[in-house]
Amino acid sequence: QVQLVESGGGLVQAGGSLRLSCAASGSIDDMGWYRQAAGSKRELVARITRGGSTNYADSVKGRFTISRDNAKNTVYLQMDSLKPEDTAVYYCMGSKILTTYWGQGTQVTVSS
C-alpha cells in the first residue's frame, strides 16, 4: 500500500503562482495531478512517467509544469498565471502495477 501526502494548496489572486508537492511513501511509477471543481467531475491536470514523459490538459498548457524527484518519490506541480477557473481540489495520483493511489486532496482557490 502506497500513501500519498499533498501540500502547498491555498488562496492566491489571479495571475499568481502556487507550487503543489506530493510525497509517496514508496516507489511509484506514473504520478500526476487531477482536480475537481465543485459540481464537476475529476479531471486530469498533468501526468508524468517515471522516465519524465509528461502530458497536460489543454487548459493548463504553458502555465503549469509537472516535475518529479524519483529519489524522493515526490511529484511537484508548479502553477503560474493562475485563473479563477483553476479553483478546485487538487488530488495527487500515483500508479504502480495496475493499482492507482490517491492523495487526500488540497484546496486551491484563485480569487479574481
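Me: What does Leu 77 touch, not counting residues up to four places away in sequence?
Reply: In this predicted model, Leu 77 touches Leu 18, Arg 19, Leu 20, Trp 33, Val 45, Ala 46, Phe 64, Thr 65, Ile 66 and Tyr 90, once residues up to four places away in sequence are set aside. Leu 77 itself has its place in strand 8, and its C-alpha lies 8.2 Å from that of Leu 18, although 59 residues separate Leu 77 and Leu 18 in sequence.

Me: Why is Leu 77 called buried?
Reply: The word applies to residues under 20% relative accessible area, and Leu 77 has a relative accessible area of 0%, so Leu 77 is buried.

Me: What makes Ser 21, with a relative accessible area of 17%, buried or exposed?
Reply: Buried means under 20% and exposed means over 50%; the value for Ser 21 is 17%, and therefore Ser 21 counts as buried. Ser 21 is found in strand 3, and, leaving aside neighbours within four places in sequence, Ser 21 is in contact with residues including Val 5, Glu 6, Trp 33 and Tyr 76.

Me: Which residues have the most contacts inside the largest nonpolar core?
Reply: That core has 27 residues, and those with the most contacts inside it are Met 31, Trp 33, Leu 77, Met 79 and Tyr 90. The elements that give two or more residues to this core include strand 4 (31-36), strand 8 (74-79) and strand 9 (88-96), while the largest share, four residues, comes from strand 3. Beyond neighbours within four places in sequence, the contacts of Tyr 90 include Trp 33, Leu 77 and Met 79.

Notes: Residues numbered from 1 in each chain as written. Predicted model: local features only at pLDDT ≥ 70, side-chain atom pairs only at ≥ 80, totals over all residues. Heavy atoms only, no water. Core = buried A, V, L, I, M, F, W, Y, C linked by side-chain atoms within 4.5 Å. Buried < 20%, exposed > 50% of the residue type's maximum accessible area, 1.4 Å probe, protein only. Contact = heavy atoms within 4.5 Å.
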